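Subject: Structure handover and notes

Hi there,

Here is the structure I promised to pass on to you. Have a look at it first, and then read my notes alongside it.

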Amino acid sequence: MTKIFLKNAYVLATFDDEGREISDGAVIIRDNVIEAVGPTAQLAPAALDADEVIDLSDHVLMPGMVNTHHHMYQSLTRVIPGGQNAELFDWLRTLYPMWARLTPEMITTSALTAMAELILSGCTTATDHLYIYPNGIRLDDEIQAAQEIGIRFHPTRGSMSMGESSGGLPPDRVVEREPDILKETQRLIETYHDPSPYSMLKIAVAPCSPFSVTQDLMRESASLARSYGVRLHTHLAETVGDVAYSKEKFGLEPAAYAEDVGWVGHDVWHAHCVCLSKGGIDLFARTGTGVAHCPSSNMRLASGIAPVRQMIDAGVKVGLGVDGSASNDSGHLLAEARLALLLQRVKDMPGNPAALTAREALRIATRGGAAALGYTEIGQLTPGMAADMVAFDLNQVGFAGALHDPLAALVFCASAQVNYSLINGRVIVREGHLTTVDLGPVLRLHNHYARQLFRGE
């Protein structure tokens, strides 16, 4: 058994039910579980036999953040010229032809890159929505990357089955047959899904969107997921055009469509929900349905501002997501917390400077994300929880003058990278550097693949 003692944190933010913040805080970890949390002086005697001691003087220590929505392969197609100034549907039409050339090797490399970026920004648990499978790609290619880098991973088996010839948005060459989708999803669940406490790998079921799959696939996917006790994820109500499509195609607004196909409940979380109506918010709150809020992407594509304040007040489970790196161009989860705060303050005019606080934004990024993904053992630093935590060094120019409230400074000031990250009790980032992956060769290969995709090679 391994015992780690983290001590002398300038402030330790537990994000427990009481919201305790401990000055000169400390944590004792035994193997992959938190054993004790408290002031350093109080815990020091119990940590004399620790295998490793990490001094976190001048650091903020907090739970690792949870990324609830991503498309990691898109890190290969950042800032594509034709998509820089496009709304969602035109942006997708620009990028689908590039994504049709993806290979398994590209998926693994892009996942390593995206996961590294997330980890360095303070994320310890991530989901990913991979929904395009040309040229022999499988979700296994991402799972390989997660196991190599050491992130807690909850990938979703996405899918598209309705191409342009059937009234969908994607080109026919990037969609799959629905029986094949369901068969492959079942294989992944049976091969990889681990429902045990402190699991490092879970699988979810994730048809892409109302405009790329049929209602039959939505219903059959929900049935498959529930027969195995796994979760469901899709895009919903992302744009005004998305809502118009739902009303024209199904005669229902997005939330009602989700309910009609069985996609509400404690085992479901939807990405975006920018245009969720009050009735939709009430439905999600009543049924325990979660939402992944992706502020940067929603601004980048001019989709709008999700009604996060209203969702939280109604009791909806809201987490944060960076979304795809081609509609955000960044995978910095702490930056998303900052933007979530700022956007809610200007959502309605006149604005409300108290619409979302710094601590609420961080709580969405930690406890909120854990709830949206259905985890009970992550998102807070308390005994018995998984040993997932991150530490930010306050000795940076971006935090100068803000040490009277360093936790709020993480959100209000320039978005920093972590100095330490522990995932499942393992040190993944030490003094700002990844310990599991040599990032230099990964980035060189990643940039090579990105050039190939852009040039059509």
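Below are my notes on the strands, helices, cores and loops.

Before anything else, please keep in mind that this is a predicted model.

**Strand β5 and its partners**

I began with strand β5, residues 59-63. Five of its five residues are buried, so the strand is largely enclosed by the rest of the structure. On one hand, β5 pairs with strand β1 (residues 3-13): two bridges join them, and they run parallel. Val11 has Val60 as its bridge partner in β5. On the other hand, five bridges join β5 to strand β14 (residues 389-393), and here the strands run antiparallel.

Which side chain does His59 join through a polar contact? The partner is Asn419, at 3.0 Å between the two side chains. Beyond its neighbours within four places in sequence, His59 is in contact with residues including Ala9, Tyr10, Val11, Phe392, Asn419 and Tyr420.

The loop between β4 (52-55) and β5 holds Asp58. Its phi is near 65°, a positive value in a residue other than glycine. With a relative accessibility of 33%, Asp58 counts as partly exposed.

Helix α4 covers residues 140-149, and seven of its ten residues are buried, so the helix is largely enclosed by the rest of the structure. The buried residues are Asp140, Asp141, Glu142, Ile143, Ala145, Ala146 and Ile149. Their cover includes α3 (104-120), β7 (123-130), β8 (152-159), α5 (178-192), β16 (426-430) and β17. After α4 comes Gly150, with a positive phi near 95°.

One of the covering elements, β17 (residues 433-434), contains Leu434. Leu434 is buried, with a relative accessible area of 15%. Setting aside residues up to four places away in sequence, Leu434 touches Ala116, Ile119, Ile149, Ile428, Val429 and Leu439.

Helix α7 (residues 240-250) has a buried set made up of Asp242, Val243, Tyr245, Ser246 and Phe250. These cover an arc of only 160° around the axis, which puts them on the same side of α7. Val240, Lys247 and Glu248 are exposed on the other side. The buried residues pack against α2 (88-99), α6 (215-228), β10 (231-236) and α8 (254-260).

Both ends of α7 have a feature to look at. At its start, a side-chain oxygen of Thr239 comes to within 3.3 Å of the backbone nitrogen of Gly241. Just after the helix, Gly251 has a positive phi of about 70°.

In soluble globular proteins, nonpolar side chains tend to be buried together. Here, the largest nonpolar core has 126 residues, and Trp99, Leu102, Ile151 and Phe284 have the most contacts inside it. Helix α3 supplies the largest share of this core, ten residues. There is also a second, separate core of 20 residues, which includes Leu6, Val37, Leu56 and Met385.

What surrounds Phe284? Not counting residues up to four places away in sequence, Phe284 touches Leu236, Ala255, Val264, His270, Cys273, Leu276, Thr289, Val291 and Val316.

**Backbone points in two loops**

Which residues does a cis peptide bond join? They are Met349 and Pro350, with omega at about 5°. Pro350 is located in the loop between α12 (333-346) and α13 (358-373).

Ala302 is in the loop between α10 (295-300) and α11 (308-314). Its phi is near 55°, again a positive value in a residue other than glycine. Is Ala302 buried or exposed? Ala302 is exposed, with a relative accessible area of 68%.

Happy to go through any of this with you.

Best wishes

Technical notes: Residues are numbered from 1 along each chain as its sequence is written. This is a predicted model: local features need pLDDT of at least 70, side-chain atom pairs count only at pLDDT 80 or more; totals for chains, interfaces and linings use all residues. Side-chain values use heavy atoms; hydrogens and water are left out. Buried means under 20% relative accessible area, exposed over 50%, partly exposed in between (1.4 Å probe, protein chains only). Helices (H or I, at least four residues) and strands (E, at least two) are DSSP runs, numbered from the N terminus. Two strands pair if DSSP finds at least two bridges between them. Contact means heavy atoms within 4.5 Å. A polar contact is a pair of N or O atoms within 3.5 Å; within protein, one must be able to donate a hydrogen and the other to accept it, and residues adjacent in sequence count only if both atoms are side-chain atoms. The arc is that of the directions from the helix axis to the C-beta atoms. A nonpolar core is a set of buried Ala, Val, Leu, Ile, Met, Phe, Trp, Tyr and Cys residues joined through side-chain atoms within 4.5 Å.
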